[in-house]
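Hi,

Here is the structure I promised to pass on. Have a look at it, then read my notes below.

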Amino acid sequence: MVDKNEPESSGSDAAVTRIRTAKLLAPKPERPSVLSPNSAPVLVKLPPPFSARACQLMWIVSFILAVIAIVFFFVVREDQLPFIVETIQGVEPDRPDETYDKAADIIYWSVFAAMIALVLAQVTLLVSFMNRKPGVRWWQFFTLLLQALFFGLGRELVTGGDHGEQLQQLLAGQLIAVILALLLSNLPSALAWSARRHDVRKIFPGSGGPES
């Protein structure tokens, strides 16, 4: 006796087999990534723009000229003291010679110390500028005003005599270098670089490193 349901059962089994085979051969969906595309920014060290580098160079030039001027001023001390005495005598003609000598020494060493202090202050401010500290430009501008005042007083008090012209040229070159440095530091690229305070980059999954 033949079972009438046997062909239908065989057809159903074949269909189920085909469905299972199709499922096995179908491509599996990709697993979702466990890494977030919105990764935290990473601090990096990027080179400053050209304007900031040029500003730094001008400050360094001014420091070199200042050091040369300080050394030169110390070397020609004995030649400058008589000129300082003569300048003081033009203001106060009725004083003893010892008073003029002491006053000349005081003026000379005061100017000498002021030159050194000004350079040290400007070096400190340059380091702060390259580290993008806020408000540094105003302090640098303040040192420029002091330097201009010092240059004007120096021409009247201590930059005379046989070596006065060379000393004036060194101080004038230093002043010009500082002015150029401040102008370069206020260019748009230098201002934007300072305002950022920090350079950051994002690391994307699978990039293998920082990308801008």
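**What I found**

The lining of the largest cavity is made up of 9 nonpolar residues, 1 polar residue and no charged ones. Here Ala, Val, Leu, Ile, Met, Phe, Trp, Tyr, Cys and Pro count as nonpolar, Asp, Glu, Lys and Arg as charged, and the others, Gly among them, as polar.

Before going on: this is a predicted model, where local features need pLDDT of at least 70, side-chain atom pairs count only at pLDDT 80 or more, and totals for chains, interfaces and linings use all residues. Residues are numbered from 1 along each chain as its sequence is written, and side-chain values use heavy atoms, with hydrogens and water left out.

Back to that cavity: its lining includes A66, A114, F150 and Q174. Helices α2, α4 (97-130) and α6 each give two or more residues to it (helices are DSSP runs of H or I, at least four residues, numbered from the N terminus). The most come from α4, with 4 residues.

S62 sits in helix α2 (residues 50-75), and V178 in helix α6 (residues 164-185). S62 counts as buried because its relative accessibility is 0% (buried means under 20% relative accessible area, with a 1.4 Å probe and protein chains only). V178 is buried too, also at 0%.

Leaving aside neighbours within four places in sequence, S62 is in contact (heavy atoms within 4.5 Å) with Q174, A177 and V178. V178 and W59 are 119 residues apart in sequence, yet their C-alpha atoms are 6.1 Å apart in space.

Cheers

Definitions and conventions:
Buried means under 20% relative accessible area, exposed over 50%, partly exposed in between (1.4 Å probe, protein chains only). On a 1 Å grid over the protein atoms alone, a cavity is a set of points where a 1.4 Å probe fits but cannot get out, and a pocket is an open set with protein on both sides within 12 Å along at least five of seven lines; lining residues have an atom within 4 Å of a point.
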